[in-house]
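Dear colleague,

Please find below the structure that I am handing over to you. My notes on what was found in it follow directly after.

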Amino acid sequence: MSEIPALILSVALVILTAAYARRLCIGKEISISGARALVQVLILASVILLLFDLPLYWSILVLLVMAIVAGHTSYSRSGKLERTLPVAIVSIAAASLILLIPFFLLGVFPFEARYLVPTGSILIGNAMNVSSLAIDRYRGEIRNRRAEIEAYLALGAPPGLAVADSLKQGLLSGLIPSIDNMKNLGLVWIPGVMTGMLLSGANPLDAASIQIAIFTAILAANLIASTLLLHFSTDSFFTKAAQLREDLD
């Protein structure tokens with residue numbers, strides 16, 4: 001069985017990395033993160049095994065829980081602004097669901113738990129990462145451009161127009177990693193889905209076609225989720241009198 005050597009290798013690499021990272025004062029953080037990752041993935045594997053024998057709605061429920069956790073992570077990056085939590089959850093869940101449906105309608109994957117949960121989690125996880133980056137940069141841009149935004153407001157501009165440039169910069173910053181990954185797909189690195197399929201003996205062309213479909217879906221989900229989050233969270237940066245909140249700093 002290959003899982004035991006793989007687990008031993010994983011633990012050894014985490015220990016070695018954490019030991020080296022002590023020089024950077026992040027050894028403890030890496031140790032905790034590595035331990036959490038190991039435990040969480042093993043729990044996830046156990047949950048997926050159980051889902052294989054349960055009705056499909058349980059898999060959908062698991063994806064909704066993932067979207068809630070992902071939304072809370074992006075909400076934390078916003079500085080926990082009022083009303084941002086439900087916006088973050090709905091944005092990530094909606095974007096992931098929209099891009100997940102075509103995989104099963106077009107017959108790319110059978111509508112089964114073993115395909116639904118992993119594919120959905122890939123979309124949710126990536127949408128969370130990009131949304132977190134985007135909302136964090138959006139908040140930073142608003143904070144740094146306070147004088148400019150307040151000048152717009154003083155001239156009668158609505159909040160959406162006053163922060164338009166900040167929103168655009170937030171989206172761009174969040175999407176840069178996805179765009180760079182797309183540019184170098186297959187040239188600098190082989191993505192995880194394709195790697196997994198190749199290791200399992202799949203045809204390279206089949207692996208490549210499924211990987212590019214997933215990767216383009218990831219990019220689209222990232223764009224939709226981050227756009228929805230930034231657009232509908234804009235009011236949270238302002239008071240009811242359309243003034244910038246003082247607690248953004």
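Helices (H or I, at least four residues) and strands (E, at least two) are DSSP runs, numbered from the N terminus. The expected span of a helix is 1.5 Å times one less than its number of residues. This is a predicted model, in which local features need pLDDT of at least 70 and side-chain atom pairs count only at pLDDT 80 or more, while totals for chains, interfaces and linings use all residues. Residues are numbered from 1 along each chain as its sequence is written, and side-chain values use heavy atoms, with hydrogens and water left out.

Overall picture

The protein has ten helices and zero strands. Its C-alpha trace spans about 70 × 50 × 40 Å along the principal axes. Of the 249 residues, 35% are buried, where buried means under 20% relative accessible area, exposed over 50%, and partly exposed in between (1.4 Å probe, protein chains only). A contact means heavy atoms within 4.5 Å. Among contacts between residues at least 6 apart in sequence, 69% join residues at least 24 apart.

Confidence

The predictor's confidence in each residue is given as pLDDT, from 0 to 100. The mean pLDDT of the protein is 86, and 96% of its residues reach 70 or more. Confidence is lowest in helix α1 (residues 3–21), with a mean of 74, and highest in helix α4 (residues 84–105), at 93. Where pLDDT is low, the predicted coordinates should not be read in detail.

Helix α8

Helix α8 (residues 164–183) consists of 20 residues and reaches 27 Å from its first C-alpha to its last, close to the 28 Å expected at 1.5 Å a residue. A kink of about 40 degrees lies at Leu 175, shortly before the proline Pro 177; the bend at a residue is the angle between axes fitted to the seven residues ending there and the seven starting there. Leu 175 is also one of the buried residues of α8, which include Ser 166, Leu 167 and Gly 170. The cover over the buried residues of this helix includes α5 (113–144), α6 (146–154) and α10 (204–233).

Helix α2 and the largest pocket

Helix α2 (residues 27–51) has 25 residues and reaches 36 Å from its first C-alpha to its last, close to the 36 Å expected at 1.5 Å a residue. Gly 27, Gly 34, Ile 48 and Leu 51 are buried in α2. This helix also supplies the largest share of the lining of the largest pocket, seven residues.

On a 1 Å grid over the protein atoms alone, a pocket is an open set of points where a 1.4 Å probe fits, with protein on both sides within 12 Å along at least five of seven lines; lining residues have an atom within 4 Å of a point. Grid points are joined across faces, edges and corners, and a volume is the space filled by probe spheres set on the points. The largest pocket has a volume of about 530 Å³. Its lining has 16 residues, of which Gln 40, Val 41, Leu 44, Met 66 and Val 69 lie nearest the centre. At least two lining residues come from each of α2, α3 (56–77) and α5.

Individual residues

Lys 80, in the loop between α3 and α4, has a phi near 55 degrees, a positive value in a residue other than glycine. Ala 242 lies in the segment after α10, and its phi is near 60 degrees, likewise positive in a residue other than glycine. Ala 242 is partly exposed, with a relative accessible area of 32%.

Yours sincerely
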